[in-house]
Amino acid sequence: MKKTIFRIIICSVLLASSFILVLPAEIAQASSTEILRPNAAGDLTQFDCYPDGGEVNWQDVDEAGAGGDGDATYVEATSNEKKDLYNIAAHSEGSGIINHVKLYTLMKRINVSNKRGKIGIKSGDTEDWGDTVEVDTTYTEYTRQFDTDPNTEAAWTWEAVDALQVGVYVHTVSSNGLRCTQVYVEVDYTPAVAPTVTTQAASSVEETTATGNGNITDTGSENCTRRGFAYMVGTSGDPTTGDSVAYDDGDYGTGNFTKAITGLTSGESYRVRAYAVNTGGTGYGTTVQMSTKCNDPTSLAVASQLYNSISLTWTKGTGAEKTMIRYDTAGYPANVAAGTQGYYDTGSSTTVGSLSSGQIYYFRAWAWDTNAGYSDGYVSVTDYTLPADASALVATTYSDEQINLTWSNGTGGDKTHVRGKAGAYPDNIADGYQVYFDTGESASDVGLTPGGAYCYRAWAYDSTSGYYSDGYTQATATTYSQPSVTTNAATSVEETSGTLSANITATGGANASVRGFEWDTDTGTPYTNEWHESGSYGVANFTKALTELTEGELYYFRGYATNTYGTANGTEVLFLTKPDKPWDFNATTVNSTVISFVWTKGAGAQKTYIRGKDGSYPTDRADGYLVYNDTDNTTTDGGLLSGHTYYYKAWSYATEGGLEQYSDNYESDSAKSDRVLLMWIVWQYGETFNDLSDYDNDATPTFRTASSDADVVATISSQSSTAEQGQPPVATTGGWIMITEVPGTPGELFTEGGTDYPGGPEIAAFAEDMRTPYESLAYPLAFGSAMLVFIVLFGATHKAKMGVKGSLLLACIGAEVTLSFWVFGGGGVINGFVLIPFGIISVFMLMIRNPQSPVVG
């Protein structure tokens with residue numbers, strides 16, 4: 001049993017060994033070669049180049065291809081111990097491990113004589129020519145392989161290959177020389193692969209720096225020339241060397257490495273991975289996540305404070321999402337869990353409330369980020385809350401020079417600062433004057449002005465912090481003084497009486513024992529007249545009725561009152577008594593457009609104020625129209641309408657000291673302007689017509705004869721130039737001249753009479769109102785009344801069987817009687833010639849016998 005188990009183990013080992021031996025061969029990477037040819041002269045140039053004067057030596061042996069270019073170009077030595085070395089081009093394709101370097105030459109000898117030569121290299125300071133070879137008479141390839149670098153006796157490096165020199169060496173020669181047409185080297189190498197790298201978590205992560213950690217676990221057959229870390233901002237994706245990098249250059253094999261990463265952003269998330277570079281490429285490790293710490297907040301300061309809160313401002317830490325603020329009254333919080341939380345959010349200011357008055361508070365702020373957590377550092381500030389306001393300030397007047405004050409001190413304050421000011425509250429703790437500044441709760445303000453209004457404010461004060469309360473309590477009081485008196489306007493002012501009025505508006509702390517008035521007809525003290533009464537008088541109005549004053553007189557007066565602290569006078573006020581009305585006011589007609597007045601001025605009047613109105617008396621001083629307002633006692637009212645009755649009222653007027661008064665009563669009177677006749681005048685050429693109207697105050701003005709209507713009009717117009725009121729307008733119609741608005745009564749144009757008959761004035765007035773000639777109304781009325789009488793008498797007599805002739809006779813007589821009234825009894829309203837037709841008819845009737853008529857029998 002034991003032998004069987006042993007055999008199984010041995011077989012397993014052998015089988016595993018066979019795999020181990022076979023596997024590298026199966027997966028070994030194939031080698032590659034790179035040809036490097038001369039590109040410059042080396043350290044030795046002792047051969048001759050052909051053709052002579054052509055290319056330099058290295059150019060004669062750098063041809064590619066089998067056999068080179070033969071004898072087209074070559075180098076040749078004809079004496080012993082000659083060497084030619086050539087620099088070769090640096091490699092451009094090869095990478096990885098160099099397996100060996102192989103030198104190739106193409107040479108021949110010139111004759112059949114024995115000829116020996118060597119081929120070799122120079123690496124660094126070491127020349128290696130090897131053994132002598134017998135050179136054939138035709139171009140033959142001769143090679144040497146160098147597995148290691150003769151200069152270092154170690155494996156070849158690409159740097160050594162790039163610095164390598166190759167060449168030929170004539171060792172022994174007969175009569176002619178050794179010729180070479182081609183030289184080059186072949187580098188055999190196994191290409192490198194990218195190294196294998198792993199990434200570890202970053203360490204020493206701060207606000208702007210971190211340390212990357214990586215490991216080269218496999219160089220990829222060639223040491224790495226660079227190793228470092230690629231990184232980028234974010235939480236996903238893999239950074240490459242095209243992103244930000246931190247690296248070192250050198251010759252690096254396997255093993256751990258680190259690198260400081262700087263210039264990072266505070267509070268930022270980064271993707272980081274290690275990498276290494278060799279000629280086979282760049283190998284990357286896996287990507288790890290890293291977050292830098294946010295910067296500490298800065299500039300934490302107290303913006304303001306009240307008795308129960310403190311307002312803070314700060315600058316957020318770079319990269320921070322939030323700021324955590326903690327506070328305590330015993331000292332600064334040691335960490336983010338100590339003290340009391342005052343704030344934890346994304347802003348940059350806050351007010352921490354529910355604090356105690358007059359208390360010191362210590363504040364500390366940390367920055368915070370979701371990925372990095374709290375900042376390492378912090379910012380701190382300390383300050384006091386204000387004391388609470390003092391309260392319940394009461395000001396009580398004690399005398400005319402003292403006011404007593406009481407209050408309650410503010411919580412958190414050990415003192416109270418009270419300041420006073422006359423007439424207005426102190427604006428601040430420096431305004432006004434200091435009344436009190438200590439720990440008590442009462443004080444007296446003395447040495448004040450009687451009757452002065454004093455305003456007080458009290459602030460709480462904390463001696464420890466030196467802070468005053470934000471608010472204050474206030475009160476006001478007035479010291480006792482003499483009363484305050486206001487003089488009012490006088491009331492019930494008439495011609496000889498008036499009532500004085502004043503108010504005690506403030507007692508000044510003690511009721512008045514005396515109050516009264518002073519008055520005079522001159523302004524200012526001393527006053528000639530005085531009245532007072534005694535008693536106990538508080539704030540109230542008081543009056544005094546005065547009599548036996550002078551009409552239209554200006555009086556000055558003031559009220560006064562006296563108490564324990566003195567006498568106070570009101571301001572001086574004035575009043576003006578009314579003037580008496582005018583007397584003996586009479587209105588008299590002058591002509592058709594003018595009425596005159598005369599009167600006696602009322603006592604105390606400076607002027608007389610007269611208003612008129614057509615048809616009725618003015619109802620007040622605003623009704624009607626103004627006739628007169630001046631200092632004389634006579635005047636006229638002109639421009640009136642003829643035949644109208646005008647009514648007038650006259651008041652007295654006085655003014656002085658900016659005041660004015662009219663008399664309550666007035667005088668009145670009325671007058672009627674002369675009437676105007678409107679009529680037609682028949683004008684016959686060559687006749688003279690005498691105007692007896694006395695219109696222009698000329699006893700016998702005459703309208704002279706003229707040869708034409710135009711001359712008559714011109715004559716009348718010229719006549720009007722002497723008229724007092726202006727000649728009325730004139731118009732012509734054929735042989736008639738119409739004169740309108742001729743002043744005077746109708747009869748004044750004739751010698752027969754006037755309008756003294758019943759209805760005559762009314763007809764004239766109606767004609768004037770209608771702008772119609774008087775005759776156009778008078779004649780139709782005369783004839784109409786005559787015809788009415790004629791018809792009535794004729795009808796009555798005819799019904800009584802008097803016969804037609806008798807009836808006509810009686811009717812004509814009645815009509816004649818009626819017309820005679822208009823001609824004679826009516827003051828010559830119409831012309832007497834109108835009686836002729838009715839007279840002719842009457843005579844004719846008398847001449848005819850009518851037996852049936854009782855008249856003619």
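Close-up 1. Lys-578 has a relative accessible area of 11%, so it counts as buried (under 20% is buried, over 50% exposed, and partly exposed is in between, with a 1.4 Å probe and protein chains only). This is a predicted model, where local features need pLDDT of at least 70 and side-chain atom pairs count only at pLDDT 80 or more, while totals for chains, interfaces and linings use all residues. Residues are numbered from 1 along each chain as its sequence is written, and side-chain values use heavy atoms, leaving out hydrogens and water. The salt-bridge partner of Lys-578 is Glu-494, with the closest N and O atoms 3.4 Å apart (the rule: a side-chain nitrogen of Lys or Arg within 4 Å of a carboxyl oxygen of Asp or Glu). Together they link distant parts of the chain, 84 residues apart: Lys-578 sits in the loop between strands E44 (573–576) and E45 (583–589), and Glu-494 in the loop between strands E37 (484–491) and E38 (498–506). Strands (E, at least two residues) are DSSP runs, numbered from the N terminus. Glu-494 is partly exposed, at 28%.

Close-up 2. Asp-249 bonds with Arg-226 in a salt bridge whose closest N and O atoms are 2.5 Å apart. Asp-249 belongs to strand E16 (residues 244–252) and Arg-226 to strand E15 (residues 224–233), so this pair ties together parts 23 residues apart in sequence. Asp-249 is partly exposed at 47%, and Arg-226 is partly exposed at 28%. Then there's Asp-248, which meets Lys-259 in a salt bridge at 3.0 Å, N to O. That pair links Lys-259 in strand E17 (residues 255–261) to Asp-248 in strand E16, 11 residues apart. Relative accessible area is 22% for Lys-259 and 29% for Asp-248, both in the partly exposed range.

**Close-up 3. Four charged residues join in a salt-bridge network.** The members are Asp-71, Glu-76, Lys-108 and Arg-179. For the whole model, the salt-bridge count comes to 19.

**Close-up 4. His-417 is buried and makes polar contacts.** Look in strand E31 (residues 415–422) for His-417. Its relative accessibility is 4%, so it counts as buried. The His-417 side chain makes polar contacts with the side chains of Arg-419 at 3.3 Å and Tyr-468 at 3.1 Å (a pair of N or O atoms within 3.5 Å; within protein, one must be able to donate a hydrogen and the other to accept it, and residues adjacent in sequence count only if both atoms are side-chain atoms). Leaving aside residues up to four places away in sequence, His-417 touches a set including Ile-429, Phe-437, Trp-459 and Tyr-468 (contact is heavy atoms within 4.5 Å).

**Close-up 5. Three strands make an open antiparallel sheet.** The order is E29-E30-E33, with E29 (391–397) and E33 (442–445) as the edge strands, each pairing on one side only. Strands count as paired if DSSP finds at least two bridges between them. Strand E30 (residues 403–408) and E33 pair over four bridges, and Leu-405 stands opposite Ala-443 in E33.

**Close-up 6. Gly-353 sits in a loop.** The loop runs between strands E25 (349–352) and E26 (360–369). Gly-353 is partly exposed, with a relative accessible area of 36%. Not counting residues up to four places away in sequence, Gly-353 touches Asn-308 and Ser-309. The C-alpha atoms of Gly-353 and Gly-342 are separated by 8.4 Å, with the two residues 11 apart along the chain.
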